[in-house]
Amino acid sequence: MSKMSRLLRGELNKILMRPILYIITGVIVIALFCSALLLNINNRGDKMLHIDGSDKTEVMLNFYSTPTMNKNVAENMVEDAFSKLTYYENVNTSPETTVTAQLKDLISDSETGLKGLLSYYGSCIQYAESPDHSANIGELNNIRSQMLENLNSIRTTLSSAIDSTVPTVLMPNESFENYITIISDASFYLKAEGADFNLVETHRDIYNNISKANGFADIEGVSYFDKLYYTTSSDITNITLADDTIKNLTEKYEIATAFMTETLENITEYNADENVTTGTLKDEILKFYYTASQYSNLVSDTIIFEPVQGLNDSQAQIYIGYKDIHLYQIQERITKNNYLIANNLTENQFSSVFSSTTSSAQEVGAFDLVYFGLEICNFIILIFCVVLAAGMIAGEQSTGTLKVLAVRPFSRNKILTSKILATLIFGVIFLVFSAIVLFITGFAIYGLDTTPILAVFNATNAFVISPFLLVLIYLALLIVKILFYVLLATMISTVFRSNIGAVTVSIFIYFLTAIFAVLFTQSAWYAFLPFAGIDFFKFFGGAFVSDSTNPLSIVFSSPMFYNTSLLASVIIVTATMVIMTILSYTVFKKREIK
């Protein structure tokens, strides 16, 4: 340990003598100053529900009469959400009533009717002069009209199912477009308006048109109705909810309505009590509003999420209504609303997880500046650590100092370890220093709101945490990120003998990953690279807030990539760090030092 301590002290002294240390210190000080000036994020309170009124009379009037959100609107939101469950209960008990079953029946009727028409017109061609056949032309025209109506019913049934506020079918976008084409073509071939049905050529023309519609003619090898039947049978899935899900949503309905009833009683009591302030009355009304909103959102999100759970985002996005969907975000909201309703809590009682676009509390506070500023300063600190780590092997070998160190009684493993630790120590010092300065500045400018934060870890576990503790977790995860890039730069430094080459390649890789993070946010493959998964803090929630007036908030934010998985990210990042460490030590031990 004494040898290791001596090596570490020596490496720290070397860094203290480097001009870049003081340059970066100055840059960080400027960045800290600019962070306070550039912070321009949205107030979370501006986008939350509210009720107006300067006194109780106005507040109660608004509670009962405000068009956008009042007592009746809130109650109807809950009842409408709960009524949707009835449909899915019926689907589970009576699958024959589903939209898919109805479509199969309509298609079967259309096929039967078209074959009947085809048979008749074939007879008309064979017995063109027979008066018996001519006498039935009017009746067959009615059948043909019924077929056209039936085709339109198929179109209407599926279109209304897709556009319904209660989703009933899951259908690929491409299949829906094919379906529209198939119905339109089949309808076109059935139309023979103005024909003289006593003429055999007219019969033949009608016969050919119906043949095309029914598939007797060679239309791409498959009939229109065969293609339509395949589409509705194979490419449409009934949207259902599991019985346990319906039971859970029913239980949440009972909890939510009971809490709303209790809250309504409190509102009436508070309004009559002169000792209760207007602010307290407003808070109780907001509980009423938020409970309704949370239950409505819980039902809507569950209906969207459950039919495609198990798929990744790119797989789900092929379906009608799922364009640009992010399943992780929806699951995160479901978890949060389940937690709130189960515990008779509302979202406005908590702060949200730190974000670079919206304040965590109702208004911007010290913690927001800490998060925003560290996102900027961490960028500078990482560059410093990358440059330092990239040059500590290649740079010292080019100057000859590494050879002097190697001939002394120190193992190469200890030499390399001391260099990695020295770099990491200075990165941590800069990080902690930045956090302290930002907190003090934020406290002086914005004040401190210590309202507990409602976080959702990995989209599946909701919990309440102190903002102080969450800041410490954030700092710890930033240190992990610094360590990752230190190891990357160290590995590159052991390979390159040129200091300039090692630094150039390391910085290039760092900036390339930053550019990729912007360009490939929605690409499935990028989520499985270690550079995309290294920002573990996004798994605590808050990674989806957008709509910022400050472009820097978007640039320095950590987006949640499509198909992101916490377990996959941890495994990939850990494995990458182990590989880089092994490679660095192996190459350094075998490297010839001149």
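Student: Which residues does N150 touch, not counting residues up to four places away in sequence?

Tutor: L106, D109 and S110. Contact here is heavy atoms within 4.5 Å. The model is predicted: local features need pLDDT of at least 70, side-chain atom pairs count only at pLDDT 80 or more, and totals for chains, interfaces and linings use all residues. Residues are numbered from 1 along each chain as its sequence is written, and side-chain values use heavy atoms, with hydrogens and water left out.

Student: Why is N150 called buried?

Tutor: Its relative accessibility is 8%. Buried means under 20% relative accessible area, exposed over 50%, partly exposed in between (1.4 Å probe, protein chains only). So N150 counts as buried.

Student: What joins the side chains of N150 and S110?

Tutor: A polar contact of 2.8 Å. The term covers a pair of N or O atoms within 3.5 Å; within protein, one must be able to donate a hydrogen and the other to accept it, and residues adjacent in sequence count only if both atoms are side-chain atoms. A polar atom of the N150 side chain also lies 3.1 Å from the backbone oxygen of L106.

Student: How do you know whether C377 is buried or exposed?

Tutor: By its relative accessibility of 0%, so C377 counts as buried. C385, at 1%, also counts as buried.
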